[in-house]
Amino acid sequence: MTDTQQTKIQVRNLSKVFGDDTKKALKLRDEGLNRAQILEKTGQTLGLSNINFDVREGELLVIMGLSGSGKSTLIRCLNRLIEPTEGDIIIGGENIPQLSDKALLHCRRRHFSMVFQNFALFPHRTVQMNAEYGLEIRGIDKAERAEKARNSLKQVGLEGWEDAYPNQLSGGMQQRVGLARALANDSSVLLMDEAFSALDPLIRRDMQQELIELQHRMKKTTIFITHDLDEALNIGDRIILLRDGEIVQIGTPEEVLTRPADDYVARFTEGVDRSRVVTARRVMRPVRATARHDDGPRTVLRKMSENALDSIYVVDRERKLLGILEADSLDEAAKAGKDSIQELLVTDFPRIGPDEPLATLYPMFQGKSIPVAVIDDQQRLLGVVVKGAVLEQLAQTGEE
Amino acid sequence: MDFDIPRIPLGDWIEGGLDFLTTEFSGVTRAISRGTQTGINLLNDGLMWLPEWALIAVVVLLCWKVSGRRLAIGALIGLALIWNLGLWNPMIQTLTLVVIATLVAIVIALPLGILAAVSDRFYKVIMPILDFMQTMPAFVYLIPAIPFFGIGSVSGIFATVIFSMPPAIRFTTLGIRQVPKDLIEAADAYGSTRSQKLIKVQLPLSLPTLMGGINQTIMLALSMVVIAAMIGANGLGSEVWRAIQRLRPGEGFEAGIAVVIMAMLLDRLTQSLSGGKKTK
């Protein structure tokens, strides 16, 4: 990221004490006591201490830390879901901690949309009405908000689900609704609080990818909270590392990986030689289409052309992987009027277990462009890995 | 006891207070009395104007729509029995009192319940009052009702409202306080005002609990309306009361069974109403 970017939010000397004698706790902090000592002496918890950072216009900033590091407190201080004890948060010329209740309301409506870890969708509202919520309370007229909500639902791939209720959707889809609700609002900053942490790994991976694409397309300033270093490295333009309520490092993913600020960061990142840490499960994509062993050549060809594939994996009823078919041989068989695909099956194809690291995976691509099949120990097809995904992962080691 | 501790004249104080209220606010109580009596008469006349079979048909259809065939058949048999026993008019009178008492109770309870959910201080004030209202023997409410509103149905409604209101308040508060914290956070994060949060998020989500409270209120109202026969409230209660005075157990049980039938119908109906909302 370049330095010419404008600053969107300035956070200065932000602190938060949980307790009723906050002055005393801050005074002890200024005398050099640490969090544990302050807790012991006063019974108050120093949630955040002296936080300073800038959020740049259009960047995806990840705030990362373990549980108890204060990251959830920090994101909630930004829109004052939690009242900061001291410090400034400046956005668009306004200092958030000093706003009146009414001004705060306007500030939240204009500047902040939030996506929550457990989705926090309104169960009594349809998907469409959930997406409309932010606009509705701002008093935007019906037609306009319906239009905007539909657009944002489309952007997250939920077209056609407008009338469903949240409990009819899977976790991944629910979080898409959460994202659509935030996008429809068209606020200037997107706050994402462990937004993908409740999703299972495969879906999570997809959502990260989609968020990156969406974010690059829309240039929406995004602050993303996570406890997962891989996630932080994967999506962040910059990363802020938080420990015990203090910032330990701010930097790009490469900087964090290659020049850790202290032992704490180093412990996080050590061994993140991604080619050894990242597994096939992590980079695999769901299979777009498979052929069945009892399909005819023409059926298979149609499936392939519909999904723009050159080769297709063949599975049986239990999704056990039988082999791979090439378009060329299928074409010949179809022209020759054959009905079965059995003899066309190529059984010598690259395959790998889901827990194999990328280091093993990478050589399998030499000279071939067939996606590598990921199979479980019952030979069932779980997904495929394409070369691009592996390269992308390896590139993130950041050999400067 | 040898100690000469004067007895605390608690009863005198309360009487003094009640006297003060009745004399100073007689204009208000008379207006309330007149208004309530008009309401009772209107509803009662309206229900009586319908022929018995028509009202039974309406109730049976309603039961069928809301709940199902079993309740509809039950309603048909039960109401037909009441008609057959010649208890139709007292039943309508009782129903009228229950409906009006419940409506008044809900109108008072909803805002109080919401207030208690939003304000911790008010919560702390009102909860002991509700405990007091619920543990005080129900008969006691009948006594001050008479100087306020005289003998008759209005007094009965007054006592019934006081007796049946607490669960509606409690359940409203409970329902609102039970709304998950992350949904409140979401509503706040998007910049909802207090009333927007209440109307768009808290109330709809507390509806099932709230309906449970209303169900309780109806049940309590029914039981109290029967007791209120002692101070001249008309209806099935006065049938029971007369049977007691004349030592006629058969008639007493007939009226009692009619009350049971009403209770079951009202209970099942309101329960299916709230259940229906939840599954949507």
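From the N terminus on, the elements of chain B run α-α-α-α-α-α-α-α-α-α-α-α, and chain B accordingly counts 12 helices and 0 strands, where helices (H or I, at least four residues) and strands (E, at least two) are DSSP runs numbered from the N terminus. This is a predicted model, in which local features need pLDDT of at least 70 and side-chain atom pairs count only at pLDDT 80 or more, while totals for chains, interfaces and linings use all residues. Residues are numbered from 1 along each chain as its sequence is written, and chains are lettered from A in the order in which they are written.

| Property of chain B | Value |
|---|---|
| Span of the C-alpha trace along its principal axes | about 70 × 65 × 40 Å |
| Buried residues (20 or more other C-beta atoms within 10 Å of their own, C-beta atoms placed from the backbone) | 38% of the 280 residues |

Turning to the interface, 14 residues of chain B are in contact (C-beta atoms, placed from the backbone, within 7 Å) with 16 residues of chain A. Helix H9 (181-189) and helix H10 (194-227) of chain B each supply at least two residues of the side that touches chain A, and H9(B) gives the most, with 6 residues.

In chain A, an open sheet of 6 strands has the order E6-E7-E8-E3-E9-E10, with mixed pairing; two strands pair if DSSP finds at least two bridges between them. Strand E6 (112-115) and strand E10 (246-251) of chain A stand at the edges, each with a single partner strand, so one side of each is left without a neighbour in the sheet. E6(A) runs parallel to strand E7 (residues 189-193) of chain A, and 4 bridges join them.

Terms used:
Two residues are in contact if their C-beta atoms, placed from the backbone, lie within 7 Å. A residue is buried if 20 or more other C-beta atoms lie within 10 Å of its own, exposed if 12 or fewer, and partly exposed in between; C-beta atoms are placed from the backbone.
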